[in-house]
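Colleague: Could you walk me through this model? I'd like to begin with the overall fold and then look at one helix.

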Amino acid sequence: MDDDLCTRSATQLIALFRARQASPVEATQAVLARIERFNPALNAFCWLDSETTLAMARESEARWSKGTPLGPLDGVPVSIKDIIYTRGWPTRRGSRTIAAEGSWTDDAPATARLREAGAVFIGKTTTPEFGWKGVTDSPLTGITRNPWDRSKTPGGSSGGAAAALATGMGALAVGTDGGGSIRMPCGFTGLFGLKPSFGRVPAWPLSPFGTIAHLGPMARTVTDAALMLNVLARPDLRDWHALPYDARDYTDALDTGVKGWRIGFSPRLGYVNVDRQIAASVEAAAKAFESLGASVELADPGFDDPRDTFDTHWFSGAALLASGFTAEQRAMLDPGLQEIIAAGERISRHDYFKAVEARGALGLCMQRYHERFDLLLTPTLPIPAFAAGQETPDPAKERRWMSWTPFSYPFNLTQQPAASIPCGFTQQGLPIGLQIVGPRYADHRVLRAARAFEQHMPIRVPAPASLPA
């Protein structure tokens, strides 16, 4: 029963709690047992507090016994990325510059909403330092590994969250995405993750990387992610960038399909070199949407690689992050982060505002694209997962992580909703991701398309017997 509870979706757990066929305490104990078994090999969690976690589970169990659950996630085990403030627990952001000691009195909006909904917090998941790169290792917490192959990276920066979810160490996870940090680890580990429209999920404090950084749900099913978004999207006055609150239920009409939709398919965005196996799987996924009733057309969006525009925003954010650090603190940072901080400090105001202008042009390009198409399909990543502990597949050729993430960061610049859903495996057994991009604010449309594809190709996770103990 314990293993069964670990593999149940959040939606299934709620049904079991309601029918009194399982309890939040049983589900939580099963997850904690999984963590004890698998976390030492995978390094998904950097902070655990089983006493507090079990206390939350017991409180949830008492509410269910009275028939008074707090909300739609009451009793569901959820992990929190160690970028996001969580009251009573340290948020060290993968950095030795932040001490664990302190009062830690604040919940970020995401954790506040989850707490109000009765979710059980399992622990804090690993992240690269301040979430600065697309893989998950840091001087503080070491290397996080992919449950499909421990020699590979799970991606990042929400790599700990992905490794936890894929192995049943929690039913849901909160991730952040500043250049692909939800979608990339979901692509590498075979999960579903949504980067909602910017501002859909309130953030506080705002990321130092600014208005390209989003928060969103990561899950083993699309329905679970939609259910979680209902909670995460609730308003919080601390984020003045947040969108006006939309009280829609993202699970409504989730199963109504994509019949009659116009979908653009761009296998290379016009300029990306893609691994042959990935290209074949993603093309088959695009054709599947035709069998689901949509009209699918090969159509690149028509923009050039916005890498320079993204780098200018990202490196400037890194420079802002370090602006209050002492020389001693800067010396403690990940060497790669030190390099992009230095690059950010060399960016002139003129160059920064040129990048802001270029970002606007990119956004306009995509808005025109979506006059023709309801959605855009691309690969999530052009390559399969590579060696853990490296920022790039071949550091001698390319030093920075943006070199292998060309499908994700454009849509942080444009603030559009974008999701990754698994669409197959390489011959080596590594997951392949399909990216589904929608117009700004059409989060429900992305979820509905993802659900249609999930019904065509259900999500698989590693079998417990195959996992490292």
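Colleague: What should I know about the source?

Modeller: This is a predicted model, where local features need pLDDT of at least 70, side-chain atom pairs count only at pLDDT 80 or more, and totals for chains, interfaces and linings use all residues. Residues are numbered from 1 along each chain as its sequence is written, and side-chain values use heavy atoms, leaving out hydrogens and water.

Colleague: How many of the residues count as buried?

Modeller: Buried means under 20% relative accessible area with a 1.4 Å probe, protein chains only. Of the chain's 469 residues, the buried share is 61%.

Colleague: Where do the buried residues of α12 fall?

Modeller: Helices are DSSP runs of H or I, at least four residues, numbered from the N terminus. In α12 (residues 335–345), the buried ones are Gly336, Leu337, Ile340, Ile341, Ala343 and Gly344. Down the axis they lie within an arc of 160°, taken from the directions from the helix axis to the C-beta atoms. They therefore line one face of the helix.

Colleague: What covers the buried residues of α12?

Modeller: Contact here means heavy atoms within 4.5 Å. The cover includes α10 (307–322) and α11 (327–332).

Colleague: How far apart are the centres of the positive and negative side chains?

Modeller: Lys and Arg count as positive, Asp and Glu as negative, without His and the chain ends. Each charge is placed at NZ of Lys, CZ of Arg, CG of Asp or CD of Glu. There are 48 positive and 48 negative side chains, and the two centres are separated by 1 Å.

Conventions: Buried means under 20% relative accessible area, exposed over 50%, partly exposed in between (1.4 Å probe, protein chains only). Helices (H or I, at least four residues) and strands (E, at least two) are DSSP runs, numbered from the N terminus.
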